[in-house]
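Open the model in your viewer and keep the selection tool ready. The tour goes from single residue pairs to whole interfaces.

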Amino acid sequence: MDSFILRQRITQGVIHLILIVASITMIVPFAWMFLTAFKTLSESTAINPFVIFPSSWKFDNFLTVWKSYNFLYLYRNTLLMIFFRVVCAVLTATMAGYAFGRLNFPGKNLLFSLILVQMMVPSQIFIIPQYMMVANMKALNTMFALVFPGLVTAFGTLLLKQAYQSLPKDMEEAANIDGCNIGQRFLLIMAPLTRSAMVSLGIFTAVFAFKDLMWPMIVCSNATSTTLSAGLAKMQGQYASNYPELMAAALMACLPMIVIYLIYQKQFIEGIATSGGKL
Amino acid sequence: MTAKPAVKKQKMSKWAKNEAMWGYLFVIPTMLGLFVLNFYPIIQTIYQSFFKTGDFGRGNIFVGLQNYISVLSGSEFWGSLVNTFKYALIEVPFSIAIALVLAVFLNRKILFRSGYRTIFFLPMVAAPAAVAMVWKFMYNQQFGLLNNIFGTNIAWISDPKIAWISIAVIGVWSIVGYNMILFLSGLQEIPHDYYEAADIDGATGVRQFFAVTLPLLSPTIFFVLQTRIIGALQVFDLPFMVMDKSNQALPSVQSVVYVFYQYAFTYNNRGYGATIVVCMLVIILAITFILQKTEKKWVFYN
């Protein structure tokens with residue numbers, strides 16, 4: 001029995017060791033971003049001796065970056081883009097998901113198969129025509145351009161359809177007897193029941209809108225109209241070797257999302273797991 | 001006798017008509033959006049691939065299959081395709097294997113479980129642009145963290161022989177937590193009875209993993225494998241952000257989507273870009289088809 005407990009202890013120890021090594025690997029790049037953001041340029045490029053901690057914790061790099069890279073605009077644009085994309089995705093997907101999951105109408109299966117086709121196609125194939133539409137509308141460098149590809153979502157429709165299908169049937173029938181029409185039934189009874197799927201889709205949409213790089217680079221090339229991701233790419237192109245400033249910018253770009261994630265990590269992880277599991 | 005069903009049928013159809021009306025009303029925004037944003041663009045991209053493009057899509061000259069001939073006979077597309085597959089060959093298996101091990105560990109009763117989970121998932125909420133920037137700095141040959149910590153002098157991202165591995169390492173680092181979360185939710189669906197039965201049979205640890213966990217998790221593994229292969233073949237952010245235009249290793253790292261981006265939006269040769277992306281579409285659909293066809297061989301369903 002003792003040897004059994006000993007073996008258990010050793011197993012636990014080995015597992016923790018592996019998990020700790022993995023954790024360190026995950027954290028080091030973030031830590032290095034953080035430490036470098038506070039260094040002076042010469043500290044960041046010193047090799048003999050190699051400098052790990054900055055000699056003083058000044059916010060100079062952050063202030064420089066804030067002023068010279070229009071960070072206020074980048075935050076505003078990213079926030080608004082995420083907001084509009086989440087609202088559009090949740091709204092349209094909830095409606096379409098309800099129709100596909102709960103209603104019967106001729107051509108339903110055909111239309112739904114189009115949703116599945118869209119999900120099989122790599123998104124790069126849409127980009128040139130989408131760009132040309134935005135350009136023809138004279139909408140380059142606008143908020144509309146940033147939101148445009150996210151107005152509707154095939155994936156979200158699938159997600160919400162499955163959520164509606166998993167709801168019990170009798171609930172709706174009770175409402176039917178009460179004399180609600182389909183619109184009222186959807187709005188008052190069914191839609192609130194899929195709140196967790198809506199939250200999942202919202203988080204998923206927000207995270208991927210935030211991470212998207214190519215689209216904002218293409219349609220919003222102005223420094224004041226673009227997003228954090230594309231802004232970082234622009235900065236790196238212009239000031240490739242001032243690492244403390246670049247790391248300050250990268251940290252500022254990532255920090256809001258990381259803080260929100262740390263506060264709502266349960267919702268984030270569940271949201272991504274349930275929606276990512278269906279992608 | 002004959003009138004009654006007719007009346008009933010009419011009533012049914014009125015109700016059904018009402019339902020269909022609401023159905024159409026609810027799917028119209030999404031379907032309209034998909035047609036404008038996705039289906040028309042697919043056709044338009046294919047159409048464009050037969051044209052030599054002037055600026056902003058004006059002055060299109062029909063060139064027939066000329067774009068396809070030059071894409072498929074040149075070395076650039078094939079080279080980028082090889083690079084992309086090489087990237088996928090590292091990113092996919094490593095990110096899946098590591099994620100699987102971590103998920104199995106975190107599925108046990110273990111101290112700091114949620115703390116570990118939070119840490120592993122962290123890269124998922126960071127912008128790839130920012131991630132690429134810090135890795136690029138860590139990879140710096142002179143004053144980067146890696147060479148200084150390990151006392152090496154490796155040209156991580158400018159040696160053509162290893163640059164693609166370095167890029168793929170960032171890819172693994174970025175995606176491993178995401179895969180792990182998907183595996184964790186798959187693991188939680190495996191009934192405990194199976195493990196108890198395995199315990200009674202004396203199968204523990206590694207044997208339990210191969211006898212119980214792996215087969216029962218195979219639907220999830222197959223799903224993750226499929227999405228990761230497709231995802232890895234579309235890699236763009238990492239090579240774009242890490243590799244400078246002047247980097248000599250760029251030709252051995254640039255991905256298909258990277259080359260597509262260059263032609264479509266840097267050189268403004270949209271017809272050529274469209275051709276590249278149509279070729280990529282064919283390859284991705286072929287891979288999807290093969291994976292679907294072979295699914296039964298890989299996956300164990302109860």
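A salt bridge here is a side-chain nitrogen of Lys or Arg within 4 Å of a carboxyl oxygen of Asp or Glu. Keep in mind that this is a predicted model.

**Stop 1: Arg228(B) and Glu91(B)**

Select these two residues in chain B. Arg228(B) and Glu91(B) form a salt bridge, with 3.2 Å between the closest N and O atoms. Arg228(B) sits in helix α9 (residues 205-233) of chain B and Glu91(B) in helix α3 (residues 75-106) of chain B, so the bridge ties together parts 137 residues apart in sequence.

**Stop 2: Lys136(B) and Asp244(B)**

Stay in chain B. Lys136(B) makes a salt bridge with Asp244(B), and the closest N and O atoms are 2.8 Å apart. This pair also links distant parts of the chain, 108 residues apart. Lys136(B) belongs to helix α5 (residues 128-139) of chain B, while Asp244(B) is in the loop between α10 (237-242) and α11 (256-266) of chain B. Asp244(B) counts as partly exposed, at 33%.

**Stop 3: Lys266(A) and Glu270(A)**

Move to chain A. The side chains of Lys266(A) and Glu270(A) meet in a salt bridge, 3.8 Å from N to O. Both residues are in helix α15 (residues 265-276) of chain A; they are four residues apart, which means about one helical turn separates them. Lys266(A) is exposed, with a relative accessible area of 55%. Glu270(A) is partly exposed, at 44%. Over all chains, the count comes to three salt bridges.

**Stop 4: the interface of chain A and chain B**

Colour by chain and select the contacts.

How many salt bridges cross the interface of chain A and chain B? The rule finds zero. It does find 14 residue pairs in polar contact there.

**Stop 5**

Colour domain 1 (2-61) and domain 2 (69-276) of chain A separately. Their C-alpha centres lie 34 Å apart. Ten residues of domain 1 of chain A are in contact with ten residues of domain 2 of chain A. Between them, these domains bury about 800 Å², 85% of it on carbon and sulfur atoms. Select Met33(A), Leu41(A) and Asn61(A): they supply 55% of the area that domain 1 of chain A buries against domain 2 of chain A, more than any other three residues.

Between these domains of chain A, the count is zero salt bridges and zero residue pairs in polar contact. On the side of domain 1 of chain A that touches domain 2 of chain A, α1 and α2 (41-44) of chain A each supply at least two residues. The largest share of that side, five residues, comes from α1(A). Its classes are five nonpolar, four polar and one charged.

Terms used:
Residues are numbered from 1 along each chain as its sequence is written. Chains are lettered from A and ligands numbered from 1 in the order in which they are written. This is a predicted model: local features need pLDDT of at least 70, side-chain atom pairs count only at pLDDT 80 or more; totals for chains, interfaces and linings use all residues. Side-chain values use heavy atoms; hydrogens and water are left out. Buried means under 20% relative accessible area, exposed over 50%, partly exposed in between (1.4 Å probe, protein chains only). A polar contact is a pair of N or O atoms within 3.5 Å; within protein, one must be able to donate a hydrogen and the other to accept it, and residues adjacent in sequence count only if both atoms are side-chain atoms. Domain bounds come from an automatic or database domain assignment. Contact means heavy atoms within 4.5 Å. Buried area is the accessible area (1.4 Å probe) that two parts lose on being put together, summed over both. Ala, Val, Leu, Ile, Met, Phe, Trp, Tyr, Cys and Pro count as nonpolar, Asp, Glu, Lys and Arg as charged, and the others, Gly among them, as polar.
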